[in-house]
Amino acid sequence: MRPASEAEVCDMVQAAGPLVIRGGGTRGIGRAVGQVLETSGLAGISLYEPGALTLVAQAGTPLAETEAILAGERQRLAFEVPDLRPLLGRGGVSTIGGVVAANASGPRRVQVGACRDALLGVRFVDGRGEVIKNGGRVMKNVTGYDLVKLLAGSHGALGVITEVSFKVQAMPEVETTLVGDLEEMAGLVALRAALRSPFDVSGAAYAEGRAMIRLEGLAGSVGYRRQALAAVLGGDWDVMEGAASADLWRRVRDVAAFADMAGAVWKLSVKPSDAAEIVASLAALEVQAIYDWGGGLVWLLVPQDDAGAVRVAVAAKGGHATLVRGLAGMTAAVFPPEPAGVAALTAGLRAQFDPRGILNAGIMG
Amino acid sequence: MEMPLPDAAILSRKAEIVARLLGVLPTDAVIHDPAETRAYECDALTAYRCAPLAAVLPRSTDEVAAVLRICHEMRVPVVPRGSGTSLAGGALPTADCVILGVARMNAVLETDYDNRFIRVQSGRTNLSVTGAVEADGFFYAPDPSSQLACAIAGNIAMNSGGAHCLKYGVTTNNLLGVTLVQMDGTIVTVGGPWLDAGGIDLLGVICGSEGQLGVVTEATLRILPKPEGARPVLVGFNSNEVAGTCVSDIIKAGILPVAIEFMDRPCIRATEAFAHAGYPDCEALLIIEVEGSPAEIDEQLARIKAIALTHDPVEFREAADEDQARRIWLGRKSAFGAMGQINDYMCLDGTIPVSSLPYVLRRIGEMGAECGLDVGNVFHAGDGNMHPLILFDANKPGDLERCEAFGADILKLCVEVGGCLTGEHGVGIEKRDLMSVQFAPADLEAQFRVKDVFDPAWLLNPAKVFPLEATASRRAG
C-alpha cells in the first residue's frame with residue numbers, strides 16, 4: 001500500500017490487518033510481519049524558513065531532496081543522518097519520516113544531540129486511524145506532553161508518521177579533523193579528553209586504528225581551537241581539512257569499514273569510558289569495533305551469532321545493544337530487552353496508540 | 001481560574017491519611033497543621049492559593065514510593081513540588097491533595113567528568129548543580145531565570161529553558177536519565193549515563209509532563225565544559241521589524257550566539273527608570289552574547305557588527321571590559337523587577353515563528369490599547385519565545401480578569417501565527433483552558449492516553465495542563 005495523502009493513510013490503517021510501516025526501507029530493523037504500508041507517496045517540503053532555521057516536510061520526502069534544499073541555503077540537518085544502505089545491503093530511497101522513526105543520528109550527536117533533539121513537531125496516524133499532531137514549528141514549546149520525542153525512534157510502533165518539522169543548522173564555514181595514529185586505549189582516552197575541553201568538538205571517533213576529532217565553525221575560531229586542542233592532547237596529530245575531513249566522517253557515520261565484512265553488526269550504547277572494556281571482554285569472539293560519540297556508541301562486528309555474549313557483556317557494565325545486521329538464521333531479539341517497569345510502560349503506550357496491535361507488531365520487545 | 005471542588009470524603013479522612021503518612025515518614029516530614037500547610041498554598045503564580053490537606057517532605061526514593069503507595073491506595077490526589085517557582089501554577093494544591101515536596105532530596109550522587117554527567121537527587125537547585133562542578137570547569141546548561149531557587153525536579157517537569165538555550169537546548173536536550181516513582185509506588189529507571197535511553201523514548205515524554213506521569217527523584221544530567229569566555233553587545237533599532245530582520249540575518253549567516261535577547265520601547269523605558277543601565281531610547285533593543293576565547297569572540301562579534309550595521313542601528317555598543325558587559329545585561333536582568341515597580345504584572349510565555357515577530361508585536365500593542373492595559377515585551381528573540389509583561393492593578397476590581405483575558409488573546413495570537421501557548425513555563429493551571437486553541441480533541445486525547453498508562457487513576461497533579469471538562473470523566477474514575 002502506498003497512500004498518497006494523510007487521509008488515505010487513515011483509511012488504510014482503519015481497514016488494515018497487521019502492517020509493516022516503511023519509509024524507503026533503507027534503515028528499518030526488526031522483524032515486523034504484515035502488509036507493507038509505504039509513506040513515499042506523502043512527499044514535499046511544506047515550509048522552509050532559513051532565517052528561522054525551520055523546515056517542515058511530508059514524511060515520504062526523500063532525505064536527499066531535503067538535504068539538497070537545505071544545502072541551497074547553506075544549511076543542513078545538524079544530526080548527520082547515517083546512510084546504512086551499504087552496511088545493510090539495501091537499496092532504495094531514504095525518507096525523512098524513516099529517519100525520524102529510526103531517530104537516525106550520526107557523529108555530531110555529541111555536540112548537537114540526536115534527530116529527536118532537532119525534531120520540533122510531528123503529525124502521525126495512530127493505530128486507530130486517527131490523525132494526531134504534537135509539537136509544532138517553533139524551537140521552544142512545552143505545551144502539553146512531548147509526543148514528538150515519543151515518536152522519534154519509535155520504529156513505526158506508535159503510528160505512521162506523516163509530517164515532520166525540524167530545527168536546522170547553518171553549515172559551518174570550515175571543518176577540520178585532527179587525526180592521530182594511536183592504540184585503541186590511548187585513542188579513546190584522547191577522545192574523552194577532547195570532549196572535556198572547552199573547544200566545542202563536533203565529532204570524536206576511533207576507527208581503523210585512528211583517533212579522529214572534528215572541529216567546525218568560523219575559520220579563525222577553528223584554527224585557534226585546533227592548535228589549543230592539539231596542545232591539550234599532546235602527541236602528533238595530522239590535520240585533515242574540508243572534503244578530506246568530510247570523507248573521514250562519512251565513513252564513520254555510515255559504518256563503512258564493516259560494509260564489506262561478514263558478520264553480525266551490533267550498535268552498543270554505553271558509558272564512554274566502559275566501551276573499550278566491554279569490547280575487550282568479547283575478544284575471544286574476534287569482534288571488531290568502531291567507536292563514535294567519544295566511545296558512547298560502539299559499532300561491533302561479531303563474526304558468529306554470539307548474541308547472548310554481547311548482551312551479557314553490555315549488561316555487565318550498563319547500557320544496551322541493538323542488533324542492526326543479523327546473520328542468516330539468527331533468532332536473537334533485535335531490540336534490547338527492557339527492565340520490567342520500562343517494558344510495562346512501553347507495552348501500555350503501544351496498547352493505547354495501537355489497540356489492535358497492527359503497527360509493526362513484533363518489533364521492539 | 002476554576003479548580004475542582006475538593007472531595008469531601010477525602011477531607012473527612014484527613015486524620016487517617018496523616019496517620020498513615022506518619023507511619024512511613026519521620027514526624028518532621030509530615031506537615032498537617034493548617035498553620036503550616038499554608039506555606040504550600042501557592043507557587044510563583046501567587047494570584048491563586050489553596051492550602052493542601054497535608055505536605056510531605058521525603059528524603060529518599062523509597063520514602064517517595066511509600067507515600068505514593070498510601071495515597072494511591074486511599075485515592076488521595078498528589079501534587080509534586082520542586083521549589084515552588086512555577087509561573088504557571090504547576091504546584092498549586094487543591095484542598096484535598098497531599099503536596100509531595102522533594103526539597104530535602106538535594107544530594108549529588110555521582111559526578112563523572114570523563115563521561116560528562118552528574119547524577120543528583122531531584123530536589124537539588126538548578127544553580128547548585130553547576131555549583132557542584134564549576135570548580136572543575138563544567139556547567140549545567142539550562143538556566144531558567146529562577147535558577148537560584150528552582151529545583152531540577154521542577155525543571156524536568158516543565159522542561160525548563162533559559163536565556164542560553166539557543167545554543168545549548170532546554171532541559172530535555174540535557175537529560176540523560178531519571179528515576180521515576182509512579183503513582184502506585186512502582187520505581188522505574190529510564191536512561192542512564194549513555195546518550196540514548198533505548199526503546200520507545202519514555203524519557204522524552206516524562207520530561208515536560210508537569211508532574212503528571214510520576215515523581216522524578218533522581219536525574220542524570222549532561223554537564224558541559226565551560227567556554228573560555230563570553231561577551232555581549234547591545235544593538236538599538238528604531239523599528240521592531242528591522243530588529244527582527246537583523247536577528248534572522250545573524251542566524252542565517254551561520255553565527256550561533258548563546259543568547260539573543262529583545263526588549264521593546266515600553267520595557268526599555270521601564271528598566272531605564274529603574275536600573276539606569278544607560279540604554280538608548282529606541283523602539284527595539286537586542287542583546288547578543290557570544291562565547292569562546294577572546295579571539296573567537298572578536299571574530300563572531302565582527303560578523304555580527306557587519307550584519308547589524310547594514311540595518312542602520314541607532315546604536316551598536318560593545319563591551320570593552322567586564323563592567324561594561326555587566327551594564328549591557330543590567331537592564332535586561334532588571335526588566336521583570338522594573339515592570340514590577342510600575343504595577344503588578346502577568347508574564348506570558350508564548351512562542352512564535354521568528355518571522356512573525358513584527359506583526360505580533362504590532363498586534364499586541366493594538367490589543368493593549370483597546371483594553372487599556374500597558375504591556376512591555378522582553379524575550380528570547382533567537383528562538384521566538386516571547387515574554388509579554390502585562391501591567392495591571394491587583395487591588396482594582398476586575399483588573400486581573402481583564403489582564404487574563406488580554407493574556408489569553410495574546411496566546412491565541414501566538415497559536416494563530418504558527419506558534420504555541422508556552423515556550424518554557426509550562427501550562428499548569430494558567431493556560432490549561434486554552435489548550436483546545438492549540439490542539440484538536442484527538443491531539444488532546446492522545447496525551448490523555450499517555451497519562452492513562454502512567455497514572456490510570458489520574459491522581460497525580462490531576463487538575464492541571466488540560467481543560468477541566470475534557471478530563472472530568474477520567475479524574476472522577
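Domain bounds, as used here, come from an automatic or database domain assignment. For chain A this assignment gives domain 1 (6–170), domain 2 (174–253) and domain 3 (257–325). The structure is a predicted model, in which local features need pLDDT of at least 70 and side-chain atom pairs count only at pLDDT 80 or more, while totals for chains, interfaces and linings use all residues. Residues are numbered from 1 along each chain as its sequence is written, chains are lettered from A and ligands numbered from 1 in the order in which they are written, and side-chain values use heavy atoms, with hydrogens and water left out.

The centres of domain 1 and domain 3 of chain A, taken over C-alpha atoms, are separated by 27 Å. Ten residues from domain 1 of chain A and ten residues from domain 3 of chain A take part in their contact, where contact means heavy atoms within 4.5 Å. Chain B is assigned domain 1 (8–103), domain 2 (108–225) and domain 3 (230–416). Between domain 2 and domain 3 of chain B, the C-alpha centres lie 28 Å apart. Here seven residues of domain 2 of chain B are in contact with eleven residues of domain 3 of chain B.

Strands of a sheet pair through backbone hydrogen bonds, either parallel or antiparallel. Strands (E, at least two residues) and helices (H or I, at least four residues) are DSSP runs, numbered from the N terminus, and two strands pair if DSSP finds at least two bridges between them.

One open sheet of chain B has four strands in the order β1-β2-β4-β3, with mixed pairing. Its edge strands are β1 (30–31) and β3 (78–81) of chain B, each of which pairs on one side only. Strand β2 (residues 54–56) and strand β4 (residues 98–101) of chain B are joined in the parallel sense over three bridges. B:Ala55 has B:Ile99 in β4(B) as its bridge partner. Helix α4 (residues 61–73) of chain B packs on this sheet, touching β2, β3 and β4 of chain B, and its direction makes about 165 degrees with that of β4(B). Such angles run from 0 to 180 degrees between N-to-C directions, and axes are lines fitted to C-alpha atoms, for helices over the stretch in contact.

Another open sheet of chain B contains five strands in the order β5-β6-β10-β8-β9, and its pairing is antiparallel. The edge strands, each pairing on one side only, are β5 (108–112) and β9 (187–191) of chain B. Neighbouring strands of this sheet are turned against each other by 10 degrees on average, direction ignored. β5(B) runs antiparallel to strand β6 (residues 117–121) of chain B, and four bridges join them. B:Asp112 has B:Phe117 in β6(B) as its bridge partner. Helix α5 (residues 126–133) of chain B lies across β5, β6 and β10 (215–222) of chain B, at about 130 degrees to β6(B).

Helix α9 (residues 240–252) and helix α11 (residues 294–309) of chain B pack at an angle of about 140 degrees, with their axes 10 Å apart. That angle makes α9(B) oblique to α11(B), because angles under 35 degrees count as roughly parallel, over 145 as roughly antiparallel, 65 to 115 as roughly perpendicular and the rest as oblique. The contact is made by B:Cys246, B:Asp249 and B:Ile250 of α9(B) and B:Ile304, B:Ile307 and B:Ala308 of α11(B).

A helix pair also spans the two chains: the axes of helix α13 (residues 340–353) of chain A and helix α16 (residues 441–454) of chain B come within 9 Å and cross at roughly 145 degrees. Residues in this contact include A:Leu345 and A:Phe353 of α13(A), and B:Ala446 and B:Phe454 of α16(B).
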